[in-house]
Every structure is written in C-alpha cells, then in structure tokens.
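Biologist: Could you walk me through this model with me asking and you answering? I'd like to start with charged contacts.

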Amino acid sequence: MLIRSAKKDDAIQIVPLFTIILNEMELPSLKTIPAAKLTYVIEKYFASPQYRGTPAQTLVAEINGKIAGFAWGYPDENEHQVDEVMRSFFPEVGLPASTQIFDDDEAFSAEWYLDSIAVSPEFQGQGIGTALLKELPQIAKNLGKTRIGLNVDWANPKANKLYHKLGFIKNGTTKLSQHKYDHLILKLN
C-alpha cells in the first residue's frame, strides 16, 4: 500500500468514495441535485489544485494502481474558501453558483479539520483507514496546527472506536444535516 498526495487523475476514483459519505449524511441537497451533475462537480472539485495542496489537502491509499481510500481536510480557516471552490463548478452543469451541498460549518476553531475519510468496500478491514489517519499529523504540523479535528456520526460506532484507539478525544458535539456527531480532536506533540 502506498499513501501519497492525491493527483488530478485520482479524482475519478475518489468520487465514488466521497459519494458514500454524502449518502450516509442524508443531505437534503442530494434530493434536488441530479446525480450526474453532482458527480461531475465532485470530480472537478477533487481534480482542482485547491483540493490537492492549498487550501485543502487530499491523501490517497493506493493498492495495485487502485485508490483504496482517501482522506481530505483543511485548516479550519479555509473551510469557506473550500466550499466556494466547489460552488464555482455548479454553473458548468447548469446550476446556480449559489447551489450548496453543505450548509453547516463543520470545523472547530484552531484545528486542521479532517472533512472526509473513506475506504472502498473492496479494501475494508485491511488497515487502510488507520494508515491514512497516521499520515495526517505531519500535514497538520506543516500547516502550523497543533490538533486535528473531525466529526464522527453517532450512528458509526466502529469509526468512533478507531478514532479513540488512535488517540482522538471528544471535545464537543454538533449536528450536521439530520445527524448528530461527536467532535473529536487529536492533540499533536
């Protein structure tokens, strides 16, 4: 397994993994945005340089040329900038630039925020999520952050257990869309 920064060409393999997360979140916007248009926007989103370096960072786990998993996040102060980049692609599919997939703030102050992490069903149970998570502290430190934050759905105790095993602790709760989440942080040395 190779953990590396995402490349533009990885976007097509990241889209199905990101879509799993969106579907689990049961976002109301998914009922109004046609799937083909959303797929196009997400692919453009992850292919853009803004999601592979600055203001956000995307890592992938590659096995035999396939993207087995990905992790994507950004410093908390970049959250709205990241959202703006996504919205810039909506007019290309005939939707207004004001279209929003997310309308909730997710990141807490003073953290590098892990927005999304997913492992392909084909590769689950092989330590890919753990390997991706173990690479994140260096990214956060390089950006001057002293902690990593994430939100874990109350309906996902397996993920919650993994995060706690790796040293994340609960420091709050939040509601995103229709789901309640624990906000966890990992303090960096």
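This is a predicted model: local features need pLDDT of at least 70, side-chain atom pairs count only at pLDDT 80 or more; totals for chains, interfaces and linings use all residues.

Biologist: Which residues are linked with Arg4 in a network of salt bridges?

Modeller: Side chains of opposite charge can pair when their charged atoms come close. The structure holds 8 salt bridges. In the network that includes Arg4, the linked partners are Asp10 and Glu62.

Biologist: How many residues apart in sequence are lysine 44 and glutamate 92?

Modeller: Their side chains meet in a salt bridge, at 3.7 Å from N to O. Lysine 44 belongs to helix H2 and glutamate 92 to the loop between helix H3 (79-87) and S4, so this contact ties together parts of the chain whose separation in sequence is 48 residues.

Biologist: Which helix holds both arginine 87 and glutamate 84?

Modeller: The two form a salt bridge, with their closest N and O atoms 2.4 Å apart. Arginine 87 is at 13% relative accessibility, so it counts as buried, whereas glutamate 84, at 47%, is partly exposed. They are 3 residues apart, about one turn of the helix, and that helix is H3.

Biologist: On to the rings! What is the geometry of the pair formed by phenylalanine 46 and tryptophan 72?

Modeller: A search of the whole structure finds 14 aromatic pairs, this one among them. The ring centres are 5.4 Å apart, with 75 degrees between the planes. Planes over 60 degrees apart count as edge-to-face, so this pair is edge-to-face.

Biologist: How many residues apart are phenylalanine 46 and tryptophan 72?

Modeller: Phenylalanine 46 is buried, with a relative accessible area of 1%, and tryptophan 72 is buried at 1% as well. Phenylalanine 46 sits in helix H2 (residues 35-47) and tryptophan 72 in strand S3 (residues 66-75). The pair links distant parts of the chain, with a separation of 26 residues.

Biologist: What is the geometry of the pair between tyrosine 51 and tryptophan 72?

Modeller: Tyrosine 51 and tryptophan 72 are both buried. Their ring centres are 5.6 Å apart. The planes are 50 degrees apart, and the pair is tilted.

Biologist: Which residues form the aromatic cluster that contains Phe46, Tyr51 and Trp72?

Modeller: Those three belong to one cluster.

Biologist: Last topic, the largest pocket: which element supplies the largest share of its lining?

Modeller: The largest pocket has a volume of about 1,000 Å³. Its lining of 36 residues has Ile117, Ala118, Asn156, Ala159 and Tyr163 nearest the centre, and it divides into 19 nonpolar, 10 polar and 7 charged residues. Elements that each supply at least two lining residues include helix H1 (11-25), helix H4 (128-142) and strand S7 (179-187). The largest share, 7 residues, comes from S4.

How values were computed. Residues are numbered from 1 along each chain as its sequence is written. Side-chain values use heavy atoms; hydrogens and water are left out. On a 1 Å grid over the protein atoms alone, a cavity is a set of points where a 1.4 Å probe fits but cannot get out, and a pocket is an open set with protein on both sides within 12 Å along at least five of seven lines; lining residues have an atom within 4 Å of a point. Grid points are joined across faces, edges and corners, and a volume is the space filled by probe spheres set on the points. Helices (H or I, at least four residues) and strands (E, at least two) are DSSP runs, numbered from the N terminus. Ala, Val, Leu, Ile, Met, Phe, Trp, Tyr, Cys and Pro count as nonpolar, Asp, Glu, Lys and Arg as charged, and the others, Gly among them, as polar. Rings of Phe, Tyr and Trp (its six-membered ring) pair if their centres lie within 6.5 Å; planes under 30 degrees apart count as stacked, over 60 as edge-to-face and the rest as tilted. Buried means under 20% relative accessible area, exposed over 50%, partly exposed in between (1.4 Å probe, protein chains only). A salt bridge is a side-chain nitrogen of Lys or Arg within 4 Å of a carboxyl oxygen of Asp or Glu.
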